[in-house]
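These are my notebook entries on one protein chain, written while I looked things up in its model. I begin with the sheets, then go on to the core and to a few single residues.

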Amino acid sequence: MNKFLVCAALLTAMVLTISCGGSSSGGESYYQECTYGAHVCKYGNSYYCGYSGNYLIWQLSEYCSYGCDSWTGKCSDSQSSDSECSSGEYKCSGSYSYSCYNGYWSYDEYCDYGCNSSTGKCNSSSLNLSCMSIYSCYADCEDNACARKCVDNGSETGQRQFYAMYNCWTDNCSDAETNEEFTDCVYGNCAKEMKDCGFTVPDGNDDPSDPTEQASDDCAEGLFYYQGSCQSPWGKKWIVTFVDAKVTEKNADGEAWDALGGLPDLFAVVKINGKEVFRTNEGSDSTAATWNEDATIDFSAKTDKITYCLYDGDAVGGDTSSDMVSSNDEVGCWDHEFEWFSLDKVTVTSDVVDHFDFSLEPAW
């Protein structure tokens, strides 16, 4: 819980956004957000620090077609050849969406509600983050703009619970000078508000720094226990690892897997809303396959349909891997279940699948 004090400091800074101004005499501004003449990359474009009336603020300098150089704060002149792409493609880079323009990736737009890694485009509406997800997002921020966006992405209930917890923190614990003092104070004074948000709060006999003292079975619905607290799994990145699988000698029709009587070439796939986002290599002529292959995938919203599928890669007439995925080659697909977030390993089975093992691990 050593992020409590960081989070509280960010919140205080948001409220006091104009507390560091000077006088208007001698050409000084009432409010100084930046140093005059400096450049910085914001939202994929170049911004410079200039006066707006009596205020020094960041202002748009130039839209960057080839990205912004984080060292100079100015637009890059070109992209390297390894960034070439095909027209019509989109991709996400952080909270930015890029589209393919004339064979190169070009900044498209900043995503107010996050970028969907499946489509490469911005989400159209709020992610409806829970209180705990707002907190997790907030505590990782380094500036007020990021912190404010975390709150904006929260659901109405999430925002209400988050501000109730924050108000309790500031009303009771604003004088704390260390993380330890602040943690002890908020546990002692704001237990209800923190439980409403999704935290597991130890009783007076427990050591709050010891995660073994905190129960993992009292998380609210829709939250899972991780790193000492109840958290939302959505709006975060997960490492999906396909481990292995084994199937029966014959397919569901009691026939050989391959047209010529051969054994299957098994591979695994993750789909989000019907679109493939990760695929393993194929096994070779065997009823068993071991992959141990992983990918980091953005689980953007709980309304997304996440599916884990096992396929036989032998499709008649198929010359490429994309030709091999058809309904005839599907061994089995399983829709994501919430409790899988808390398991060390997920095992699914069917009439023809002895086991299909994969795992989900937080990437934050």
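Which order do the strands have in the open sheet that contains E12? I found the order E12-E11-E14-E15, an open sheet of 4 strands with antiparallel pairing. Before going further I noted that this is a predicted model, in which local features need pLDDT of at least 70 and side-chain atom pairs count only at pLDDT 80 or more, while totals for chains, interfaces and linings use all residues. I also noted that residues are numbered from 1 along each chain as its sequence is written, and that side-chain values use heavy atoms, with hydrogens and water left out.

**Entry on terms and totals**

I read helices (H or I, at least four residues) and strands (E, at least two) as DSSP runs, numbered from the N terminus. Counted in this way, the protein chain has 6 helices and 17 strands. I took buried as under 20% relative accessible area, exposed as over 50%, and partly exposed as in between, with a 1.4 Å probe and protein chains only. Of the 364 residues in the chain, 41% count as buried. With contact meaning heavy atoms within 4.5 Å, I looked at contacts with a separation of 6 or more, and residues 24 or more positions apart account for 55% of them.

**Entry on the sheet with E12**

I used the rule that two strands pair if DSSP finds at least two bridges between them. E12 and E15 stand at the edges with a single partner strand each, so one side of each has no neighbour in the sheet. Neighbouring strands here are turned by 25° against each other on average, direction ignored; the axes are lines fitted to C-alpha atoms, for helices over the stretch in contact, and angles run from 0 to 180 degrees between N-to-C directions. Inside the sheet, E11 and E14 run antiparallel and are joined by 7 bridges, and Ile272 has Ile306 in E14 as its bridge partner.

**Entry on the sheet with E13**

I then looked up an open sheet of 4 strands with the order E13-E10-E17-E16, again with antiparallel pairing. Its edge strands are E13 and E16, each of which pairs on one side only, and the twist averages 20° from one strand to the next. E10 and E13 pair in the antiparallel sense over 10 bridges; among the pairs I followed, Lys237 stands opposite Asp298 in E13, and Ile239 has Thr296 in E13 as its bridge partner. On the pairing of E10 with E17 I counted 9 bridges, also antiparallel, and there Phe242 stands opposite Phe358 in E17.

**Entry on the core**

Which residues have the most contacts inside the largest nonpolar core? They are Phe242, Trp291, Phe299, Tyr308, Leu310 and Phe356, in a core of 33 residues. A nonpolar core is here a set of buried Ala, Val, Leu, Ile, Met, Phe, Trp, Tyr and Cys residues joined through side-chain atoms within 4.5 Å. Among the strands that each supply at least two residues of this core are E10 (236-247), E11 (266-272), E13 (288-299), E14 (306-312) and E17 (353-362). Apart from this core lies another, of 25 residues, including Cys131, Trp169, Val186 and Tyr187.

**Entry on Thr280**

Is Thr280 buried or exposed? Thr280 counts as buried because its relative accessibility is 4%, and its place is in the loop between strand E12 (275-279) and E13. Its side chain reaches the backbone nitrogen of Ala268 at 2.9 Å and makes a polar contact with the side chain of Trp291 at 3.5 Å. For a polar contact I required a pair of N or O atoms within 3.5 Å, where within protein one must be able to donate a hydrogen and the other to accept it, and residues adjacent in sequence count only if both atoms are side-chain atoms. Beyond its neighbours within four places in sequence, Thr280 is in contact with Phe242, Phe267, Ala268, Trp291 and Glu293.

**Entry on two asparagines**

Most residues other than glycine have a negative phi. Asn273, however, has a positive phi near 55°; this residue sits in the loop between E11 and E12 and, at 46% relative accessibility, counts as partly exposed. Asn292 also has a positive phi, of about 50°, but lies in strand E13.
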